[in-house]
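Please keep the sequence and the three-dimensional view at hand.

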Amino acid sequence: MDKNLETLEKYIIYSVAFLIPVSFLPIFPNYFTTVKLIILAAGVCLAILIKLTRMIVSGNFDISVTNFDFPVFLLAIAYLASSILRTPNKMEAFFLPGTAAILIFAAIYYFLVNQLKEKDKEYLLLSVFLSGIIVSLFSFFSITGIFSKISVLPVYLKDKLFTTQGGNLPTALFLAVVIPLGISLVIAQKDVVKKAFFAISLGVVTFGLVLNIYNILPGKPTSPMFIDYKTSWSIAIDALKESPILGAGPGNYLTAFNRFRPITYNQTALWNIKFTAARDFFLTSITETGLIGMAALILLIYAVYKSAQKDIKERSLVGWNLMTNAKLISLVLLLVIFAFFSATLELIFLMLLLLAVNSKSKRIGLKFGIVATNPTESSDFAGQFAPRIPAILATLPILVGIIVLVVIGFRVVSAEYLFNNSINALAANDGTKTYTLMQQAINKNSTVDRYHATMAQVNLALANSIAQKPEGQQITEEERTTITQLIQQSINEGKAAVALNPTRSGNWELLAALYRSIMAFSEGADQFAIQAYSQSVALDPVNPLTRLNLGGVYYSVKDYDSAIDVFKLAVMAKIDYANAHYNLAIAYRENGDIEKAITEMTNVLSLVDRNTPDYDLAKKELDNLEAKKPVVEAVTPGTENLTPPQTNEQVVQPPIELPQGAEPPSPSPIGQETPVPNPTSTP
């Protein structure tokens, strides 16, 4: 029985290595990461259960310890501790997107692979190479348009940019690491047929690599955009200043980016783009896990260096060749890649796998009791069961943990499935189905802020659709009640998103946008919008767009002095931002300071292209100012960048009074959680 269980465990480990690079499933909002994380977690849990069963049956437990164990263990502990103590929303760290879960499960997988025999590890590398063939074929069929000619295929497969890893860059990086393994397989084969198969397969993988590299060349639509090293380094240093030991928390890089990026970032071409990872994997990991994560990475790289040095020295005595060192070459290549690019789930998993197959192991045997191998020695149940009690007690906590993980994981995955269906219903303009499915997703898992954020916008859209009446037609009392309920529900959902991650600027900005949207419906919403925007600005201090929105609220309530102050800060944040100068000019004009308005409008003309409608709009406004005619000209159709601050016109008369509790939550100190409000039911 033990032999059968051992074989089953090995095949599960092989299957995980094969499936992770090739798997995707369109039943989740993220076609790629979600299903790969499910496969990794399920495979690890099944392998552990089989190993525990083998331990109970035999009463023995053999474990292999290697030279990479401590750095890998320390890295996993860094992600675990930082997630628990630093990441505000634990769901983001442990489940979706699951940054910490990916590394922790990959680390456990590393320890499982370490228990395999050397020959079995070779089959594991074969599984990785076979998955590389599938990845390459998908890239070939997508990029060349073969998939687009097959009518029965779903739309997403017909996209020429489709890959099984969600992008051309991660696919190219994965294939580059796989190629040395393919070369070694070709060299190692003695059989002509097998050698020909692997040679052709290697050609397929190489061609897939070339295609994906071609698609990411500068000037191509899929050419990736990278945050620069200077900005990444500055963010990492400031994150360590605030929390040197544990960093900002896994899955929380976006928050660190918002808070700590330098103002010089606004002078780059990517100033309005936010990043969820640093320029490379190492800086991302250090930012999120602090000095513990840094120490683990340094120890890991040093251990790889010492192992490679020893291996090369030993190989030099008998002859160094690619076949015997391919796995080491792939590992070193991947670590070099991590110094230039951020990591995906597949690459993190591949790093831990390659560490395991390159490790030097030493076997240690543990005995949990004496199990009778001869049934005649103890035929009664007590005699057979008693020796297994120590092994059962040792495995019980792990078994309970797996059961809890499965129960929670099932709810999380179910909620993600329902949310994806609600998004599909929204795309099909089925409002009732959208609302129902989204509410079911929230009921399944109320700890995902993007569920609440989307639900808030759905409620607000419904309120707007009811409030928009033909000219001269008034809303009924019943409609007024419904609008009030929908607005309150929208606010509650927005506040729930804030409570789940109070340090995320985007959540406060969403709540502020909700208040701003209902300023036409209700009294008091303008002040709530100002409070929420102010907190968003505090968490994203160099973002000129957020300040522009805050200034727009002040402008809409005719507080021109405050609007001018905020627009000035937006200009200071990005001196070449034409729209900030334009809004400041309009605010000066409304405040009666024509000379300053002319100066700012002149700046606008120097920043916009002469051949655009924006230039014509600014020129016309400047002419009006110079003629001292403070007339607000309407924005001409086709304007792309220059948008004046908007005034607040009441849509519902008399305005709806917001119920008690509609105010934004009080800002919490970083790292302190805010209670999640319970969304009220709506009709």
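Helices (H or I, at least four residues) and strands (E, at least two) are DSSP runs, numbered from the N terminus. The model is predicted: local features need pLDDT of at least 70 and side-chain atom pairs count only at pLDDT 80 or more, whereas totals for chains, interfaces and linings use all residues. Residues are numbered from 1 along each chain as its sequence is written, and side-chain values use heavy atoms, with hydrogens and water left out.

The buried residues of H9 are Phe198, Ser201, Leu202, Val205, Gly208, Leu209, Leu211, Asn212 and Asn215. Here buried means under 20% relative accessible area, exposed means over 50%, and partly exposed lies in between (1.4 Å probe, protein chains only). These buried residues pack against helix H6 (118-143) and helix H8 (168-188). An α-helix has 3.6 residues a turn, so residues three or four places apart point the same way. Leaving aside neighbours within four places in sequence, valine 204 is in contact (heavy atoms within 4.5 Å) with Ile133, Ser136 and Leu137. The C-alpha atoms of valine 204 and valine 135 are separated by 9.8 Å, although the two residues are 69 apart along the chain.

The protein as a whole has 26 helices and 4 strands. Of its 683 residues, 51% are buried. Among contacts between residues at least 6 apart in sequence, 73% join residues at least 24 apart.

Lysine 36 illustrates a charged side chain in a buried position. This lysine is found in helix H2 (residues 33-58), and its relative accessibility of 1% is why it counts as buried. Not counting residues up to four places away in sequence, lysine 36 touches Ile20, Pro21, Val22, Ser23, Thr164, Leu345 and Glu346.

Attention now turns to helix pairs. Two packed helices are described by the angle between their axes and the distance between the axes. Axes are lines fitted to C-alpha atoms, for helices over the stretch in contact, and angles run from 0 to 180 degrees between N-to-C directions. The axes of helix H1 (residues 2-22) and helix H5 (residues 99-114) come within 11 Å and cross at roughly 135°. H1 and H5 are therefore oblique to each other; angles under 35 degrees count as roughly parallel, over 145 as roughly antiparallel, 65 to 115 as roughly perpendicular and the rest as oblique. Their crossing is left-handed, that is, the near helix is turned anticlockwise from the far one by less than a right angle (right-handed if clockwise). Glu9, Ile13, Val16 and Ala17 of H1 and Tyr109, Leu112 and Val113 of H5 make the contact. By class, this contact of H1 with H5 has 6 nonpolar, no polar and 1 charged residues. Ala, Val, Leu, Ile, Met, Phe, Trp, Tyr, Cys and Pro count as nonpolar, Asp, Glu, Lys and Arg as charged, and the others, Gly among them, as polar.

A second pair consists of helix H17 (residues 431-444) and helix H18 (residues 449-467), whose axes come within 10 Å and cross at roughly 150°. The angle makes H17 roughly antiparallel to H18, and H17 passes H18 in a left-handed crossing. On the H17 side, Thr434, Tyr435, Met438, Gln439, Ala441 and Ile442 meet Tyr451, His452, Thr454, Met455, Val458, Asn459 and Leu462 of H18. The residues of this contact divide into 8 nonpolar, 5 polar and no charged. In the loop between helix H16 (389-427) and H17 lies asparagine 429. Its phi is near 60°, a positive value in a residue other than glycine, and its relative accessibility of 71% makes it exposed.

Helix H24 (residues 578-590) has 13 residues, which should span 18 Å; the end C-alpha atoms are 19 Å apart, in agreement. Because 12 of the 13 residues are buried, H24 is largely enclosed by the rest of the structure. What covers the buried residues includes helix H22 (544-556), helix H23 (560-573), helix H25 (594-607) and helix H26 (613-626). Glycine 592, with a positive phi near 85°, follows H24.

Terms used. The expected span of a helix is 1.5 Å times one less than its number of residues.
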